[in-house]
Amino acid sequence: MNCKINGTIETIHEPTEFQGKNGDAFAKQTFTVVNNDGYEGRQQLFAIELFGDKTSLLGGKNEGDSVTVECNVNCRHWKEDRYFVSLQAWKIDSAKSEAQNAPELPQSDVLPDFEDDPF
């Protein structure tokens, strides 16, 4: 299942190296995104993971940056009735404000001369 999360990066944790079952090393990095999309505008916090070469997606991003994160929702079963849900990012875009998305209008202090206008 895919999801899209808009918000602000709250924390960026350092990448951690792990060794897989087959002996290969891989990196994992976690970062958190916060927004006010919760019930009645309450704050929500999302811990999102990056694995392997996807850790490079955070390059150039800083805490406090507004972002849109696209991720997969995964669930793993563990002992008896225990389950773990994780959000694994596959795309991170810098979010633009409404002002940045609006078309730029020409700015001029001079009004056009309408004296020659027949209407």
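**Exercise 1.** Which residues does Ile-92 touch, not counting residues up to four places away in sequence?

*Solution.* This is a predicted model, in which local features need pLDDT of at least 70, side-chain atom pairs count only at pLDDT 80 or more, and totals for chains, interfaces and linings use all residues. Residues are numbered from 1 along each chain as its sequence is written, and side-chain values use heavy atoms, with hydrogens and water left out.

Step 1. Contact requires heavy atoms within 4.5 Å.
Step 2. With residues up to four places away in sequence not counted, Ile-92 touches Phe-31, Leu-50, Leu-57, Leu-58, Lys-61, Val-67, Thr-68 and Val-69.

**Exercise 2.** Determine whether Thr-68 is buried or exposed, and identify its side-chain partner.

*Solution.* Step 1. Thr-68 belongs to strand β5 (strands are DSSP runs of E, at least two residues, numbered from the N terminus).
Step 2. Its relative accessible area is 16%, so Thr-68 is buried (under 20% relative accessible area, 1.4 Å probe, protein chains only).
Step 3. The Thr-68 side chain forms a polar contact with that of Asn-6 at 2.7 Å (a pair of N or O atoms within 3.5 Å; within protein, one must be able to donate a hydrogen and the other to accept it, and residues adjacent in sequence count only if both atoms are side-chain atoms).

**Exercise 3.** Carry out the assignment of Exercise 2 for Thr-32.

*Solution.* Step 1. Thr-32 is located in strand β3, residues 25-35.
Step 2. Thr-32 counts as buried because its relative accessibility is 9%.
Step 3. Its side chain makes a polar contact of 2.6 Å with the side chain of Thr-11.

How values were computed:
Helix = DSSP H or I, 4+ residues; strand = E, 2+ residues; numbered from the N terminus. Buried < 20%, exposed > 50% of the residue type's maximum accessible area, 1.4 Å probe, protein only.
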